[in-house]
2 protein chains.
Amino acid sequence: MAQKIFLKHGNDKETVRLFPLGGIGNVTKNMYVYEYCIDGQIVDILIVDCGIGFPDEAMYGVDLVIPDVTYLLNKKEKIRGLILTHGHDDHIGALPYVLPRLPHFPIYGTKLTAAFAQLKLKEFGVNSQIREITTSDTISLGKFSIKSAHVTHSIPDAANFIIKTPIGVFYHGSDFKFDLTPIDGFPSELGKIAAAGEAGVLCTLSDSLGSERSGYTLSERVIENTLEEELRNCGGKFLFTTQSSNISRIQQAINVGLRHHRKIAFLGRSMEQNTEVARKLKYLNFPDEMLIHDKQLLRYQDNQLFLIVAGSQGQADSGLFRIARGEHKYVKIREGDVVVLSADPIPGNENAVHALVDTLTQAGARVSYSEVLEGLHVSGHGSQQDLRLMLSLTKPKYILPIGGTYRHMIAYKKLAMSMGYSKDQILIPEEGQIMEFSQTSHPRLVERIETDQIMVDGLGVGDVGEIVLRDRKTLAKEGIMVIVVPVEESTGRITSTPDIISRGFVYMKESGKLVDQVKRVVVQSLKPHKAGISDWHFIRRTIEEQVGKFLFKETGRRPLVVPVVVEV
Amino acid sequence: MAQKIFLKHGNDKETVRLFPLGGIGNVTKNMYVYEYCIDGQIVDILIVDCGIGFPDEAMYGVDLVIPDVTYLLNKKEKIRGLILTHGHDDHIGALPYVLPRLPHFPIYGTKLTAAFAQLKLKEFGVNSQIREITTSDTISLGKFSIKSAHVTHSIPDAANFIIKTPIGVFYHGSDFKFDLTPIDGFPSELGKIAAAGEAGVLCTLSDSLGSERSGYTLSERVIENTLEEELRNCGGKFLFTTQSSNISRIQQAINVGLRHHRKIAFLGRSMEQNTEVARKLKYLNFPDEMLIHDKQLLRYQDNQLFLIVAGSQGQADSGLFRIARGEHKYVKIREGDVVVLSADPIPGNENAVHALVDTLTQAGARVSYSEVLEGLHVSGHGSQQDLRLMLSLTKPKYILPIGGTYRHMIAYKKLAMSMGYSKDQILIPEEGQIMEFSQTSHPRLVERIETDQIMVDGLGVGDVGEIVLRDRKTLAKEGIMVIVVPVEESTGRITSTPDIISRGFVYMKESGKLVDQVKRVVVQSLKPHKAGISDWHFIRRTIEEQVGKFLFKETGRRPLVVPVVVEV
């Protein structure tokens with residue numbers, strides 16, 4: 001239900017057009033485009049973030065999803081730069097896929113954000129440099145003038161952006177919460193945000209993911225007490241997992257470990273990589289001599305070890321699940337070990353995380369997870385009270401909820417309306433709609449752009465589409481039966497019994513009778529045309545129909561039936 | 001980690017052996033076997049429940065899972081009867097699959113349980129009669145003497161069983177909570193349960209699903225106030241969904257609807273069937289004239305309608321999702337409609353339920369669901385305080401936590417130990433292990449039985465196994481490529497270019513170059529054998545290897561490669 005109210009045509013000379021390339025109502029795959037236009041002609045383009053999305057259940061075999069930048073391709077030369085809000089994959093992860101399709105332009109991020117983005121580019125061999133900005137810098141990109149405001153989130157060095165344009169200021173309020181007692185001692189820059197509000201904000205884009213949660217989001221600091229308590233009751237190894245980008249939480253874990261004189265080890269690729277970067281940049285601090293590597297683990301007693309392990313989402317190939325299954329080279333779970341899962345499952349991962357808990361428990365560990373212990377995880381996203389505070393500080397004329405699905409945007413709208421905002425001040429665009437702002441008129445929804453789901457599967461980017469996915473769905477649920485029909489080229493007559501190959505349908509070795517029946521159905525279905533047909537297409541369709549019908553009657557299943565006519 | 005403590009060999013003449021056929025650590029697929037033995041020889045077998053399980057994510061295309069009754073087949077004549085605790089599918093749903101493989105024996109259930117089970121059997125054309133028992137009956141089955149104790153749960157007429165055997169009493173405490181203010185006015189029979197405890201219980205099997213939750217489970221009654229409040233703020237249609245077996249909750253919804261003089265309609269097959277049965281048996285009560293059928297809906301104003309719809313788990317083909325997508329013949333969502341989801345997502349269904357909320361919201365409805373409103377759902381399973389009360393009432397010598405996964409069993413064990421039970425009084429057997437009880441010795445874990453996952457897919461029961469699932473997994477993620485190689489029968493030489501058929505791998509129409517390359521790889525890989533080979537198996541393996549390697553290099557994917565050699 002789009003707001004149908006932005007119909008009035010603006011006749012302003014200057015406009016700013018704003019839209020997400022990652023789709024409306026998306027938590028991940030963040031990529032926003034700001035266009036400064038004169039007389040409807042694009043003059044400058046600014047891009048904010050470039051993140052990956054995660055495949056939904058229907059995207060069989062897809063590794064990840066990236067924003068669709070097709071729209072930008074024929075206006076490449078207008079792009080003045082790209083700014084990154086923070087170092088999470090859903091904000092920087094698509095850079096290696098997207099940058100090679102676009103010309104070189106400056107890319108900015110705060111210290112840690114730039115380092116994480118650079119790591120990502122290096123991994124893919126993409127040769128772009130991320131420029132480091134501090135919170136006092138002002139970046140000028142065409143007619144856009146940008147200041148960052150530091151905000152607290154579940155990764156250090158996160159920023160919101162105050163984007164000044166010729167028609168007004170946009171507050172780009174990507175992922176944030178107001179942690180008033182942050183671990184790194186660097187609270188959100190409330191003064192700067194408030195000053196922007198005082199000076200006048202045309203539109204605030206606000207994180208809306210926490211809009212269903214009442215109250216405010218707890219400070220990250222609560223975790224340390226919980227960990228302290230857990231470690232005190234641990235006589236064996238202590239294993240800790242969280243998302244590997246959550247540097248503040250990892251720092252807290254380390255603090256606890258060090259207090260108990262345990263050696264620290266990082267296990268799992270993402271955990272090792274991220275902590276190495278964060279350590280180099282001093283976002284993670286502890287004495288060198290306390291860090292040990294996996295090969296050294298066996299030299300220590302269990303109760304001297306504090307292991308920080310990747311795999312908080314129950315990923316089957318993660319370090320933690322390999323440990324749980326007894327497949328890790330240096331770490332075996334023993335009675336007395338404690339495993340602390342300090343992360344909530346991302347929706348869809350609940351069963352995987354529960355399987356991890358079960359496997360660890362069966363291996364003998366005591367496992368602490370959110371269902372049995374409070375204070376193990378706090379969100380990085382603001383709850384209703386944080387979101388209200390952001391609106392109170394920025395006092396925008398218009399509001400665009402971002403970073404949530406449709407239901408979060410609607411909950412956010414309700415919250416904003418409870419603060420006195422009217423319906424038409426809150427923008428809930430439809431998929432692909434561009435919002436046009438000007439100095440004097442109401443924002444209006446103008447042209448629609450088409451954005452596709454660009455899926456990455458293995459090395460392929462965008463070569464998996466609807467047809468392939470539809471086939472995979474059928475293959476996943478029902479399997480396939482290939483029928484090879486040898487046909488005499490000149491007459492179209494079957495020369496011998498068809499060959500049947502089936503995978504994922506029934507166990508062939510035990511289905512001899514069914515296979516024989518199918519062969520009969522094939523021969524039978526071509527009988528009316530005994531004289532022979534040369535229309536292979538017709539033959540294929542007939543076989544497909546007849547065999548499909550027969551198999552459904554016999555088995556209640558509808559495998560893909562693929563007839564192959566071989567001319568002999 | 002099984003308890004390794006039950007090693008002492010009993011030398012008692014009489015024993016009772018107990019084990020689940022649905023597997024240890026299962027929430028669903030409930031089926032328990034009690035065997036009374038003399039000198040190790042089975043004399044009488046009693047079965048409790050016969051439910052379906054739900055496929056996990058790795059069981060591609062599987063509709064449901066049933067208990068493996070192979071063990072029973074060669075001792076059929078010892079089965080004295082089957083008793084059903086309550087009418088949920090995971091306790092009665094496998095009857096139509098299992099009964100045809102076993103001889104006729106008496107089957108018992110309370111009124112509503114019997115009716116729901118009978119409905120299930122009728123649907124499958126299975127000709128068995130369920131005998132109705134009341135709470136004052138005693139059933140004698142061989143040496144087993146059984147009384148039921150009514151307990152409250154999320155379906156009326158739920159029962160626990162007090163099973164008297166020659167060696168002691170088993171309290172079969174299947175799914176329950178202690179709702180002290182139940183909707184149907186029929187509270188749990190605490191007196192009867194306590195009396196059993198006073199007389200002495202050898203072993204209590206207890207629901208453990210809620211063992212992670214502190215406190216006690218709220219009464220079902222809290223729902224009605226929430227609904228009243230929601231309906232008061234609804235100017236359009238009111239749509240309510242919950243699990244269709246939750247008759248008490250449906251009664252509460254109806255109460256609210258009637259107070260506001262709205263007509264009641266049931267939509268969706270399971271909802272219509274279950275409510276019809278419950279109405280006939282007077283478990284659901286309201287004036288006939290208030291019920292309307294879907295075809296009559298259009299005769300009423302939106303604000304006269306109270307629709308009770310199936311689909312609370314976000315099932316794509318359910319009534320509610322069809323309404324959300326605008327595909328329902330008689331119900332279209334309009335601005336002003338309110339949809340209330342009165343059920344928590346079963347783990348794994350979270351994303352489906354969220355998609356339902358998003359789709360309904362986008363269609364214009366205001367949706368109430370657990371993230372935004374409390375008091376919409378209460379569990380049917382007891383929390384820690386309920387579980388403690390059950391132990392306090394039955395005061396068993398031994399305890400077997402059931403109805404939960406491994407982590408629930410461990411949480412239950414912790415709870416029981418906090419009440420003074422010792423480790424070896426709490427039985428946590430390994431998969432397939434039989435627990436043997438006797439009058440004088442400790443229960444011991446005796447022989448292991450093998451139980452398989454029996455999967456139902458379409459009309460097939462048990463014909464989908466590991467191999468088919470493994471293929472489906474590959475097909476789902478990577479697709480398939482079939483390579484038809486025409487070979488001269490006598491010489492083994494390729495006679496013409498191979499045919500390539502691929503589904504779910506890449507979009508063939510746009511992959512001409514890749515296909516050509518594959519053809520070359522096939523021809524090339526057989527070159528060293530230009531003289532011809534007659535070992536088709538060898539040819540197939542070579543092609544599979546070479547093409548697989550090539551495709552992975554080119555695409556990073558590993559589709560199933562299936563070479564078909566056609567002799568010409």
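1. Basis of the values. This is a predicted model, in which local features need pLDDT of at least 70 and side-chain atom pairs count only at pLDDT 80 or more, while totals for chains, interfaces and linings use all residues; side-chain values use heavy atoms, with hydrogens and water left out. Residues are numbered from 1 along each chain as its sequence is written, and chains are lettered from A and ligands numbered from 1 in the order in which they are written.

2. Domains of chain A. The assignment divides chain A into domain 1 (2–215 + 379–461), domain 2 (222–368) and domain 3 (479–567); such bounds come from an automatic or database domain assignment. Taken over C-alpha atoms, the centres of domain 1 and domain 2 of chain A are separated by 33 Å.

3. Extent of the interface between domains 1 and 2 of chain A. Domain 1 of chain A contributes 12 residues to this contact and domain 2 of chain A contributes 13, where contact means heavy atoms within 4.5 Å. About 1,200 Å² is buried between these two domains, and carbon and sulfur atoms give 66% of that area. Buried area is the accessible area (1.4 Å probe) that two parts lose on being put together, summed over both.

4. One salt bridge is found between domain 1 and domain 2 of chain A, the term denoting a side-chain nitrogen of Lys or Arg within 4 Å of a carboxyl oxygen of Asp or Glu. A salt bridge joins the side chains of A:Arg269 and A:Glu123, at 3.1 Å from N to O.

5. Extent of the interface between chains A and B. In this interface, 61 residues of chain A are in contact with 61 residues of chain B. The buried area is about 5,100 Å², with 58% from carbon and sulfur atoms. On the chain A side, A:Arg407, A:Arg503 and A:Arg557 lose the most area to chain B, together 12% of what that side buries.

6. Salt bridges between the chains. Chain A and chain B share six salt bridges. The side chains of B:Arg557 and A:Asp463 meet in a salt bridge with an N to O distance of 2.4 Å.

7. Elements at the chain interface. Among the elements of chain A that each supply at least two residues to the side touching chain B are α12 (406–418), β24 (499–503) and α15 (536–555). Helices (H or I, at least four residues) and strands (E, at least two) are DSSP runs, numbered from the N terminus.
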